[in-house]
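Colleague: Before I use this model, I would like to go through the labels attached to it. Please set each one against its definition.

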Amino acid sequence: MSKPTSGGFEKTPGWLDWYAGPSKPQFKLPPNAVDAHCHVFGPGAEFPYAPERKYTPCDASKAQLFALRDHLGFTKNVVVQATCHGADNRAMVDALKASNGKAKGIATVKRSISDAELQELHAAGVRGVRFNFVKRLVDFTPKDELMEIAGRIAKLGWHIVIYFEAVDLPELWDFFTGLPTTVVVDHMGRPDVTKPIDGPEFELFLKFMRENTNVWSKVSCPERLSVSGPPALDGERNAYQDVVPFARKVVESFPDRVLWGTDWPHPNLKGHMPDDGLLVDFIPHIAPTKELQQKLLVDNPNRLYWPEEK
Ligand SMILES: O=C(O)c1cc(C(=O)O)oc(=O)c1
């Protein structure tokens, strides 16, 4: 059954709703595992979608996110501001406040944000900002504005999450390497997995991580990057085989600087919507040892987002 978009909003045509009734993963997540990339959408009636948004999703509430967390076996979430909410962080902050300390957040802010507002976000559990360079998702923000924001949030001990397409890395290289704090790349910088893993495009991404030890990567979103699948549906526990070598290379090369997240509720997927339980079963394919799994799912995200628990 189609999921609602409340508040009088109308879903983007062709929008795929998140998967209802995901399976139980076979892979047992270690204690204190973090889903380090997920979103909430609205609900639109309570937290309206931003006028400048490029898509209108179905609602995906905090309660639904927390239910998924518990079902899959995660302990915590990092809720990343979705572009459909623009720089209005209320839905994300509301989720953090309701989480009992089990969620931290990544915000989107404008240069006009006051220090007091930044402090309020910090108190709610925000620990970073997101800079988005994916043209189908956002309008361009001038780099001097982003650099000014970077300088301000670095003083709070926050980091910067960047989302971009692999082909744009050369043009963005100088800006990224000039950022004054930890930088976390969304979805491995979206490699084209039909290109060779040892070709110039992916090699540039590895060089970016090798030469800049403040750069981390989320090895997430095989469902977005995969071309030949098979999709995580119908009991398939060997999904997205074309993405495995890329993600595994990043995990094995930089075991202390990788994170994993479901990307629930999976905005803008066109072909299929994955079963999130089967998506969790993708993890041991890219982090094949207990030690790598512990770093990816527990040690790294807790070090970055819950350092106070050490
Ligand atoms: O590739 C995407 O469409 C996408 C969109 C968003 C967002 O709209 O915030 O976030 C993601 O992590 C991925």
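Modeller: Start with pairing: two strands pair if DSSP finds at least two bridges between them. Helices (H or I, at least four residues) and strands (E, at least two) are DSSP runs, numbered from the N terminus. On that basis eight strands form an open sheet in the order β1-β2-β3-β4-β5-β6-β7-β8, with parallel pairing. Note that this is a predicted model: local features need pLDDT of at least 70, side-chain atom pairs count only at pLDDT 80 or more, and totals for chains, interfaces and linings use all residues. Residues are numbered from 1 along each chain as its sequence is written.

Colleague: What makes β1 and β8 the edge strands?

Modeller: β1 (34–38) and β8 each pair on one side only. The partner of β1 is strand β2 (residues 76–80), in the parallel sense over three bridges; there Val34 has Lys76 as its bridge partner.

Colleague: How do you know that β7 pairs with β8 (residues 258–259)?

Modeller: Two bridges join them, running parallel, and the definition asks for at least two. Ser217 is bridged to Val258 in β8. Strand β6 (residues 183–185) also pairs with β7, parallel and over three bridges, and Val183 stands opposite Val215.

Colleague: What is the hand of the unit made by β6, helix α6 (residues 200–211) and β7?

Modeller: This β-α-β unit is right-handed. The term applies if, with the strands pointing away from the viewer, the path from the first strand over the helix to the second runs clockwise.

Colleague: Which residues cover the faces of β7?

Modeller: In β7 (residues 215–218), Val215 and Ser217 on one side and Trp216 and Lys218 on the other are all buried.

Colleague: How do you know that the buried residues of α1 are on the same side?

Modeller: The buried residues of helix α1 (residues 62–72) are Lys62, Leu65, Leu68, Arg69 and Leu72. They cover an arc of only 120 degrees around the axis, which puts them on the same side of α1; the arc is that of the directions from the helix axis to the C-beta atoms. The face turned away from that side carries the exposed residues Ala63, Ala67 and Asp70.

Colleague: What is the phi of Asn32, and what is that of Asn100?

Modeller: Most residues other than glycine have a negative phi, and most peptide bonds are trans. Asn32 has a positive phi of about 70 degrees, and phi of Asn100 is near 60 degrees. Asn32 lies in the segment before β1 and counts as partly exposed, because 16 C-beta neighbours lie inside 10 Å. Asn100, in the loop between α2 (90–97) and β3 (103–107), is exposed, with 8 other C-beta atoms within 10 Å.

Colleague: Where are the cis peptide bonds that join Gly42 to Pro43 and Trp264 to Pro265?

Modeller: Pro43 lies in the loop between β1 and α1, and omega of the bond from Gly42 is about 0 degrees. Pro265 is in the loop between β8 and α9 (276–280); omega of the bond from Trp264 is near 0 degrees.

Note on methods: A residue is buried if 20 or more other C-beta atoms lie within 10 Å of its own, exposed if 12 or fewer, and partly exposed in between; C-beta atoms are placed from the backbone.
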